[in-house]
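Welcome! Take a moment to look over the sequence and the 3D view, and then read on.

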Amino acid sequence: MSGTESVELLAAVRQFLREEVLPELDGFKAYTTRVAANALGIVARELEMGAGLAELDNQIASTLDLHEQAGPVTRQIALALRDGTMAHDQRILSYLRQRTLHSCAIDNPKYSGLHQARARWTLLE
């Protein structure tokens with residue numbers, strides 16, 4: 001099954017939950033159904049945009065000579081910054097901004113902070 005077909009299936013189930021099931025529910029069941037529908041949206045966006053996030057990580061890992069076996073790139077960078085073994089320069093800042101924007105677009109593209117950050121950080125690059 002291709003990623004596109006998976007995204008389409010997730011969208012169909014999400015639409016069914018929101019349009020057919022949710023109106024019939026109230027209280028906690030309505031809440032959990034909304035949560036489930038939102039989770040399906042996150043999974044669909046992850047399928048569509050996750051490769052871009054992985055590419056960002058691969059690029060910075062290559063630039064900084066980080067190795068996959070040492071754990072997630074974000075963890076390696078966080079620990080190195082904390083320990084003072086890596087300086088926070090423009091390339092690190094740019095990577096962290098891009099990664100944050102990409103992650104937020106996957107998790108919640110309607111988040112107002114995402115739009116504000118895009119506008120602000122574009123001016124800084």
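The points below cover aromatic rings, a surface patch and salt bridges.

This is a predicted model, where local features need pLDDT of at least 70, side-chain atom pairs count only at pLDDT 80 or more, and totals for chains, interfaces and linings use all residues. Residues are numbered from 1 along each chain as its sequence is written, and side-chain values use heavy atoms, with hydrogens and water left out.

**Aromatic rings**
- The count comes to one aromatic pair, where rings of Phe, Tyr and Trp (its six-membered ring) pair if their centres lie within 6.5 Å.
- F28 and Y31 form this pair, with 6.2 Å centre to centre and 35 degrees between the planes, which counts as tilted (under 30 degrees is stacked, over 60 edge-to-face, the rest tilted).
- F28 and Y31 are three residues apart in helix α2, so about one helical turn separates them.
- Helix α2 spans residues 27-64; helices are DSSP runs (H or I, at least four residues), numbered from the N terminus.

**Surface patch**
- F28, Y31 and V35 make a nonpolar surface patch of about 350 Å².
- Such a patch joins nonpolar side chains within 5 Å, from residues with over 30% relative accessible area and no salt bridge; areas come from the Shrake-Rupley method with a 1.4 Å probe.

**Salt bridges**
- There are three salt bridges (a Lys or Arg side-chain nitrogen within 4 Å of a carboxyl oxygen of Asp or Glu).
- R99 and D57 meet at 2.8 Å, N to O, and R99 lies in helix α4 and D57 in helix α2, so the pair ties together parts 42 residues apart in sequence.
- D83 pairs with R82 at 3.0 Å, and R91 with D89 at 2.9 Å.

Notes
Patch = residues over 30% accessible without salt bridge, like charges linked within 9 Å, V, L, I, M, F, W, Y side chains within 5 Å. Helix = DSSP H or I, 4+ residues; strand = E, 2+ residues; numbered from the N terminus.
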